[in-house]
Amino acid sequence: MRLDCTVNGERHQVDGVWEGESLLYVLRERMGLPGSKNACEQGECGSCSVYLDGTLVCSCLVLAGQADGAEVVTVEGLAHAEHELHPIQEAFLAAGAVQCGFCTPGLIVATHDLLARNPAPSEPEIREALAGNLCRCTGYEKILDAVRSAAEARIP
Amino acid sequence: MSGAGASPARSPVREGIGESVDRPDGTLKVRGEFAYSSDLWADGMLWGTTLRSPHPYARIRSIDFAEALALRGVHAIQTHEDVPGRKTYGLELADQPVLAIDVVRYEGEPVAIVAADHPETARRAAELLRVDYEPLEPLVDMDQAVEADEPRLHEDGNVLRDIHVRHGDLEAARAEAELVVEGEYEIGMQDQAFLGPESGLAIPSEDGGVDLYVATQWLHVDLAQVAASLDLPLERVRITNAGVGGAFGGREDLSMQIHGCMLALHTGRPVKMVYTREESFFGHVHRHPARLRYEHGAARDGRLVYVTARIVLDGGAYASSSRAVCLNAATTAAGPYDCPNAELDSYVVYTNNPPCGAMRGFGAVQTCFAYEAQMDKLAAAAGLDPLELRRRNAMDTGTRLPTGQAIDGPAPVRQLLEELAEMPLPASRDGGAPDLRELPGGVSNTTHGEGIRRGVGYAVGFKNVGFSAGFDDYSTARVRLSMASGEPQVEVHTAACEVGQGAITVQAQIAREVLGVERVIVLPSDTQVGNAGSSSASRQTWFTGGAVRDACEAVAAALLSRADERLGGEPDELSPDLIAELIGDDAVEETREYRPRRTEALDENGQGDAHLAFCFAAHRAVVDVDVELGLVRVVEIATAQDVGRAINPVAVEGQVEGGIAQGLGLALMEEIQLSEGRLRNASFTDYLIPTILDMPPVRAAILELPQPEAPYGLNGIAEAPTIASTAAIVAAIRAASGRELTRVPVRPDDVVGLAAPVA
Amino acid sequence: MDFIQPTTWEEALAAKAAEPRSVPIAGGTDVMVDLNFDRTRPEAILDLARVPELHDWGAENGSVRLGAGVSYARVIAELGDSLPGLAMASRTVGSPQIRNRGTVGGNLGSASPAGDAHPPLLAARAEVELESVRGTRRVAVREFFVAPKQSVLADDELIAAVHIRRPGGAEQFSKIGTRNAMVIAACSFALSVDPVARRVGTGIGSAGPTPLVAQDAEAFLEGVLDETGGWQSGRPLEDSVLERFGELVGSAARPIDDVRSTAAYRVHALGVLARRTLAWARGQES
């Protein structure tokens, strides 16, 4: 099957995709974008979170063909330029919210979505919005610090 | 100038010891560009997969792979017959087959491996493998395994190890005790549940050897096992630690290392293996489930007179690190208290349950849950506040364990409890309309305030730091100082595995501190440098930090010699300009091993200085319990922990908070559920780890009481947060519900008072 | 594996008729798990995500016609006032990522006894609109589920929509899980108390081979409200009524012991949830 979609602003055309592959598999193994992670492949951990046509989804639960013609944004597409970091990425780094980092891409995309919809979230709102992203290393405290500080920096 | 180890003044350096330095790999990680072992790729790469036993115990009559091999895209299928060298491996005993030989002893045991051009092809091929099993009756009860020798799972019987600690005079103690409390406790099987799946890439090399990139915790122990099974000399197997997505003990044992290399060497192509999440639950060891029976005897004023404990740990099908877990349980069994008489018996047995091994806390978690429950019972019997009872019995520096070993470092049990006692409790919920998210059950709308009682619980725990009982534990560091683009640059090369904890960060901090050079690069960890030991036992910052320090000091000394030779005298200060002049084109490189004081094995009465050092942490948990539904919300966890010296304060806090989350998981929700040796919940749908909605705020008091003999006075920190947090949470639930709660994870049934169904 | 991607409802129906064994996928939150875990390898997958007719909802004489492809996130955002019970249940589904993709139609299609949307639909006495090339039919949700993961959906049929009457009174939903997010219910309960229609509706999840209705409990409560004129008066119900209601709900369950919970706990918890939700529906303390 051929897959044609835009990822992080770039057109990708991939041939030979097996119909049962997920968008996550295509991103990682066929498009050279391994930033989205494969911690569970059942939608329980959020490590594969991406934007599909502007909506936050688990890419492991999107069938490859469903992304045909779609616009996908992954963690690799959030920074505005090659040598910069998105303010949310900066905030995660500065807060000590990254340990093994496997959950980090998914959390950064989910945080990006949260702050786009709700620029000044309360703590319960942050927790509810990030409840689909598991982290095993940090206990979430510094992730909360990172989200709060990213919100305070008033992301444009 | 003073003697050995002293250094001349360094330029004041930023990002040295004691600062919350950013992780050097952080930028790559937040950009999604950090290469984890599951992200690796090589030209011409094949995908490997593992066929695993569906039975917990069975004989293998035959394996027929003609049909599978004929599938287009399949390049190789291998069984135990294809293992070139030693057919078994293991951390302590080489009792675990690389691929099953004639019998499988646990559900999920690897039987065959397949290499194919696409993971889907490999899976289909594995399905076509015809294995003829003769299922056998599995041995699944740990108590039965202690008593019965049939079925005999391994040659030397089903009791893998038993340790008997005898301290004082128990008979006299029993006569003396005025208060006696007993209890039986059970800990379910917890899983490390690291997020990065087991994975790696094996690339055959031209010299007939292999280059392996794998997520692991201990490169050199992997190397020894891989080389032995591949029948290759050590120099022809080169292992690099690829990016690790968390470990917590679950990567100390081999996963795909030998399998990937076998397929790569056979096919002549790179082979990548990535476990699925479901496979991961079968693919690594778990925390030992345990049954503990305790009796505490005390004087009327609550002072301990004796402790007896019978601890049984279910080691599952293969030995892994069970023998060491058994020892840790035995030596921590009486808790961080002054215990004048004790009989402590610790057993670890083989069963056909999944193999158990290292998980953060390593035997000390299980004993802590039991002894802290006992201490609360004793407090109640003595009419004392739980903190007071603990204060009266607390260890101090100099207190002897029931094994005879005196704690020669800080043993700040009272101090940690004082810190907690001084922390104000969180405000109670006000009477107004509650935000559902602040109630047990959350947005699932199970209560609007009905049935809620608040409870507070305390617990204190301890554990050894470093490997024990005479093990030759050490680390190695190679440090090279050179000029790069006109600036001095330090390269630090160790085999210490970064698993998320920040090993690479602290190595760089120590190098900066010693050498006063800002630019420090920590090279990838691989087997091209000497052994660093395991990233476990809370030891890596101590041991590898010590090796880095020593190698840096050797580099500094070498520089001073050069200065002496060239400039006729040692300078008072090694400024960057002077360093640049002394280095020029001629780098300075030193390699050092760091080896602290040797520990001793225990004798037949469980006596001996078996441990290097100890770490202590105390916890206070505040919970709201819906006593009608048995649902729990943890409101706050406060902790006080002694870390010796915080090399990187933010990283220390990260370890504390993360460890507490795992303790919370064991208290409330995490258990591998087994039925006759079969896993019932091998997925994140039903093996539940805490989400951000389950974790409360953590309030931490970090103490820095210098650990003698350790570099910079630091102490191991990573396991202490996981040891007593479970016990504190359950104590709080007991206070709220009035239930005895002798088992973790606590289920709603237990809180409500419904009996467990008979299995 | 064939991948079929219709862009109209007609195409979708024709495709399902031509390949009755094809597996429909919309949000993918169920089907993809089975695919990724190698539990199923269907010959064909029918992607319904691009069929515009499925993504609408509309109001029609006091009911909402909810297209099968409307996500839980939209139910929460757009139907919170019209369908409060379903919106409450939607909020407990999975995670934001799952709620953005998962659909009520998909929940019905999987027909799991644990589906979060089922109890509120049962309580509301909703109807499922099924369609095939042979025509359309409506099936009461209360008759839709047949066995675990099996419904009356024929091989050539697709779920077009669910018709849910806007409640004349209070709706409630409550779900028990052992952690606070992303959890399959140990048991769940939905309640509708409708003084206009003078009907009580219930729905029980995860406590039987299918989602269940507590018929005796409904009849009991309707009787009490009829006799005491309690529909309109808003007078608090007696504790004994709340208790009895809870007991009857508990005894309607047909639970087993499984990896998520025990039968005894489910019966107990349903009783508590029933009592509490009834008190909340009546605006009283329980």
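Me: I'm new here. How many residue pairs are in polar contact between chain A and chain B?

Reply: A polar contact is a pair of N or O atoms within 3.5 Å; within protein, one must be able to donate a hydrogen and the other to accept it, and residues adjacent in sequence count only if both atoms are side-chain atoms. Between chain A and chain B there are 29 such residue pairs, both residues being at pLDDT 80 or more. Keep in mind that this is a predicted model, where local features need pLDDT of at least 70 and side-chain atom pairs count only at 80 or more, while totals for chains, interfaces and linings use all residues. Residues are numbered from 1 along each chain as its sequence is written, chains are lettered from A and ligands numbered from 1 in the order in which they are written, and side-chain values use heavy atoms, leaving out hydrogens and water.

Me: Which salt bridge does B:Asp39 form?

Reply: Look for a side-chain nitrogen of Lys or Arg within 4 Å of a carboxyl oxygen of Asp or Glu. B:Asp39 pairs with A:Lys37, their closest N and O atoms being 2.7 Å apart. Across the interface of chain A and chain B, the rule finds seven salt bridges.

Me: Which helices of chain A each supply at least two residues of the side that touches chain B?

Reply: Helices (H or I, at least four residues) and strands (E, at least two) are DSSP runs, numbered from the N terminus. In chain A, the helices are helix 1 (23-30), helix 2 (87-95), helix 3 (104-117), helix 4 (123-129) and helix 5 (141-152). Helix 2 of chain A gives the largest share, five residues.

Me: What area is buried between chain A and chain B?

Reply: Buried area is the accessible area (1.4 Å probe) that two parts lose on being put together, summed over both. Here that is about 4500 Å², with carbon and sulfur atoms giving 57%. On the chain A side, A:Gln99, A:Arg127 and A:Arg136 lose the most area to chain B, together 18% of what that side buries.

Me: And how many residues does the contact take from chain C and from chain B?

Reply: With contact meaning heavy atoms within 4.5 Å, there are 34 residues from chain C and 39 from chain B. The area buried between these two chains is about 3200 Å², of which carbon and sulfur atoms give 51%. They share six salt bridges, and one salt bridge joins B:Asp626 to C:Arg276, with the closest N and O atoms 2.6 Å apart. Helix 12 of chain C supplies nine residues, the largest share of the side of chain C that touches chain B.

Me: How is a pair of aromatic rings described?

Reply: By the distance of the centres and the angle of the planes. Rings of Phe, Tyr and Trp (its six-membered ring) pair if their centres lie within 6.5 Å; planes under 30 degrees apart count as stacked, over 60 as edge-to-face and the rest as tilted. The count is 16 aromatic pairs over all chains. B:Trp218 and B:Phe471 are edge-to-face, 6.2 Å centre to centre with 75° between the planes. This pair links distant parts of the chain, 253 residues apart.

Me: Is B:Trp218 buried or exposed?

Reply: Buried means under 20% relative accessible area, exposed over 50%, partly exposed in between (1.4 Å probe, protein chains only). B:Trp218 is buried because its relative accessible area is 9%, whereas B:Phe471, at 37%, counts as partly exposed.
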